[in-house]
Each structure stands twice: as structure tokens, then as C-alpha cells.
Amino acid sequence: MFQGKGALALAIGGALSLIAAGSVVADEPAKLVVNGEIEMVTETEAPAHLDAFDTIYSGWTFRTPETRMLQMDDFDNPAMVFVDQAAEAWDTVDGSEGKSCASCHGDVAEGMAGVRAVYPKWNEAAGKVRTLVQQVNDCRETRMGAEPWKYDGGKMVAMESLISVQSRGMPVNVAIDGPAQSTWEQGKDLYYTRFGQLELSCANCHENNYGTMIRADHLSQGQINGFPVYRLKNTKLNTAHARFKGCVRDTRAETFNPGSPEFVALELYVASRGNGLSVEAPSVRN
Amino acid sequence: MSAGLWLALAGGLLGATMAQAEGVVAPSDVVFEDGAVAVSLTGAPGNPENGPDIINKGSGNCIACHQVSALPDLAFQGEIGPPLDGVGDRWSEAQLRGIVANAKMMFDESMMPAFYKTEGFIRLGDEFTGKAHAGEVTPILTAEQVEDVVAYLLTLKD
């Protein structure tokens, strides 16, 4: 509760500072530069495996100027409080082995640089594709002797954000061939499956109709380069799996759970549709 | 309301329900011909006055995907499908019934949901809960609602 309120206050604070700066930024921001230094690629050539379109766009480009602005400075970005909390957790000893993340990975900025950009990723020892969240929990359980965090719980999504921040501005570049290929194919099948009583696939909305309005929503390409995402609607950080879940539910379908093999495969596939866009997390959405 | 009027109303409702149960075409029995459905699903004409409610958010939610200039009070009209203005000129009653009942019979692979269909879904959910559906499947719109919305669409002339 307290966190939520704090974040809301921050969000409002951010909005207020926007109004104050309103005269300076008369035009809507067309380019995303974070903190005046990290230049984001929000629009680029589609990866070779994707025939559906020539150009891929970050979800940022579809949002209102106000929402876009919130992502341009970490002081305005309401997600950053959670990143700060995760930075503390990074240094905190937990579990039977008496270790913290820092004990093995050192400074997060060095230890985790570039990691987000290539996840989900094939893990040889596990013999499967792992999401960043699953990898963090594997370290907690097998290396720290600590309890796993809830897949889309607050601690995990904050840690995922902290790790993602270390790759901001780098191009998403998940591998889809080699041992990851069958998982990627599974994710692709799911992407084009028309689920539920409304019989809608991800592609119906995010591939065939991006750029149009569905009810009050401006449809994006459903990219996940910005995840975890802070939503003004629920004033917290949201994982990609939580978003997938909401989108599947809205087709009047039985959803899959966060962390399920289906959503892991879907995350790999959706991430690969954004290969070339910058890692933006944590981004801000309505 | 007087007791007499109430009784009369109740009687009318009861009569309507019985007539519906007899004359209603079940979703799996609907006959499509070139995407059109010739006979009324209730055996009776629809009431166009109920159209706007069905087109609005909630049951039909047509407005999520379509614009209807005749209903300017409905906020946030979508752009996925064509505006419904003038559909009463473009399509016959039978064609409109077919489109609303199951648009995929008229437009191959259409994104428009089938509003009068109960079979062939993948991972059917229990409304918008995200949970699996259990028990008997009801179509998104009742036969009566389909007829009402069709009757309303027929009034949309250029």
C-alpha cells in the first residue's frame, strides 16, 4: 500500500513538473533520450524472421506525450523507486549460504551489463530456455539457499527492472536458432492462435491492427523491449507475463500462468519480434 | 405501477419467453447461405430500440471496433472494422444476421467475433475471469439480442 501511494505521489509529482515545463516542451517528444544521454532506438527495421512488417516500433511511440515524457528522466519515472529497492536487495545477504547477489556478481552495473538484451536465453545445464526471472530464482535457490520469489511478485519485478536498467539503450538481441528454436516455434504458434470466445490472436490486434484504436486504446505492436513496465493504471511494475495474461483473458479465454512453459515460449518469441529495438525498461505506460 | 399493469406485463413477458423457447434456432442449428442467415433466430422481428445498448460496451461491444455516427454519445469508438454508417443500405437483413451471428462465414478469417456460436473455441474462458469455462456454453448474444441489433443495423441508412 505504502509503496503504491509513494509511487502515485511520484507520478503526480512527475506530471506536475511536466505542466511546469509545458512551455519548454511544446511539441511531443519524437525521440526517446533518457536522462539526456541514453538514446533509444524506438523505431527500426524489422528482424529478418518477421515478414509481417518492415518497421518495428517500441510501445513508447504509441503513448500520449505526457506518458512518454515520464520515461525521459529517471526523476520523473515512477518505476525508479522500485529499482532503488532492488539495488538494496542486490547487496543484501539472504538464504543458508550467507550470500547476496553482489557476493558473486559484484557491482550490478558491471555484472549485469548486457544481460537483459539476450533474455530469454537457452541454459545448457537446465536444458531449456530460461527467462530472466527464472534465472534469478535459480540463483536464489541453488546458489544462495534462499526461497524463490513469486514469479511476478513485487520483489522479482523490481530485481528484473534493476537488471534491465544495466542494458538500457542496448539492442534487444535474443537468439532464436540452435537449441532455442523449438521453444521459439512454440511461442510463434501461440502468437498466431485465436484464443477464447472472441477468437483473437495476438497477431489480430498487435500485427494486423497496430496504430488503430480499439475502444479507448491505441494499439501498439505489443513489443516487450520496455518490460518490466510501470503502469499508471495500477501504479506498480508489471511483468511481460502479467501483460500477456491480461491480453489472453480479454479474449474470454482461459489464460496461462506467469512462468508457465507457454508464456516462457511466448516471451522468447515476442522478444524476438523486437530484436533491434533498445532495451527501455523500466518504461511507463497508461 | 398498478397491480393490474404489473400482471399484464408479467403475462406478456411469460408469453414472450415461451414463444422464444419454441421458435428459437439454436446456435449449432443456424443455416448459413453465402454468409447470410435467411430466417429470424427467434422467429420474430427484432426491436431496433434495444440496438444501441447492445452495440455499446457490455454485451456486444461492437463499438470497440466500429464507429456509429448515429450514436455520438458512445465514447471511444474503435477503428478496427469499417464504420457501420449505411450498413442498412449495403447489406440485406439476412446478410446482417449472418454477419452478426458469425462474421467468419461472410468474411474469411474475420477478426470480428462470432456472436451466436457455442462450439469450436480454443481454451474457452469463463467470461473475462481468465479461468476455464465449465458447463453449458452460451453465445455472446442471445437470439433475441442478435435480432434486435440486426433490426437496428437496418435503420442505419445513408
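**Entry 1**

I take helix axes as lines fitted to C-alpha atoms over the stretch in contact, with angles from 0 to 180 degrees between N-to-C directions. The model I am reading is predicted.

I looked up H8 and H11 of chain A. H8 covers residues 181–191 and H11 covers residues 261–273. Their axes come within 7 Å. They cross at roughly 90°. I count angles of 65 to 115 degrees as roughly perpendicular, so H8(A) and H11(A) are roughly perpendicular to each other.

Next I listed who meets whom. H8(A) brings Thr183(A), Trp184(A), Gln186(A), Gly187(A), Lys188(A), Leu190(A) and Tyr191(A). H11(A) answers with a list that includes Pro261(A), Glu262(A), Leu266(A), Tyr269(A) and Arg273(A). I sorted the residues of this contact by class: 9 are nonpolar, 4 polar and 3 charged.

**Entry 2: helices H6 and H7 of chain A**

I moved to H6 (residues 132–143) and H7 (residues 154–165) of chain A. Their axes lie 10 Å apart, and the packing angle is about 105°. H6(A) is therefore roughly perpendicular to H7(A).

Which residues make the contact? From H6(A) I noted Leu132(A), Val133(A), Val136(A) and Asn137(A). From H7(A) I noted Met156(A), Met159(A), Glu160(A), Ile163(A) and Ser164(A).

**Entry 3: chain A against chain B**

I then turned to the interface. How many residues of each chain take part in the contact? I found 25 residues of chain A and 30 residues of chain B. The buried area between the chains is about 2500 Å². Carbon and sulfur atoms give 55% of that area. In chain A, the residues that lose the most area to chain B are Gln197(A), Arg215(A) and Arg252(A). Together they account for 31% of what the chain A side buries.

**Entry 4: polar and charged pairs across the interface**

I checked the charged pairs. The rule finds 4 salt bridges between chain A and chain B. I opened one of them, Lys104(B) with Glu199(A). Their closest N and O atoms are 3.7 Å apart, inside the 4 Å cut-off for a salt bridge.

I also checked polar contacts. Across the interface, 11 residue pairs qualify, both residues being at pLDDT 80 or more.

Which elements of chain A give two or more residues to the side that touches chain B? They are helix H9 (202–206) and strand S7 (213–214). By class, that side of chain A has 10 nonpolar, 8 polar and 7 charged residues.

Notes
Residues numbered from 1 in each chain as written. Chains lettered and ligands numbered in written order. Predicted model: local features only at pLDDT ≥ 70, side-chain atom pairs only at ≥ 80, totals over all residues. Heavy atoms only, no water. Contact = heavy atoms within 4.5 Å. Buried area = accessible area lost by both parts, 1.4 Å probe. Salt bridge = Lys/Arg side-chain N within 4 Å of Asp/Glu carboxyl O. Polar contact = N/O pair within 3.5 Å; in protein donor to acceptor, adjacent residues only side chain to side chain. Helix = DSSP H or I, 4+ residues; strand = E, 2+ residues; numbered from the N terminus. Nonpolar A, V, L, I, M, F, W, Y, C, P; charged D, E, K, R; others polar. Parallel < 35°, antiparallel > 145°, perpendicular 65-115°, else oblique.
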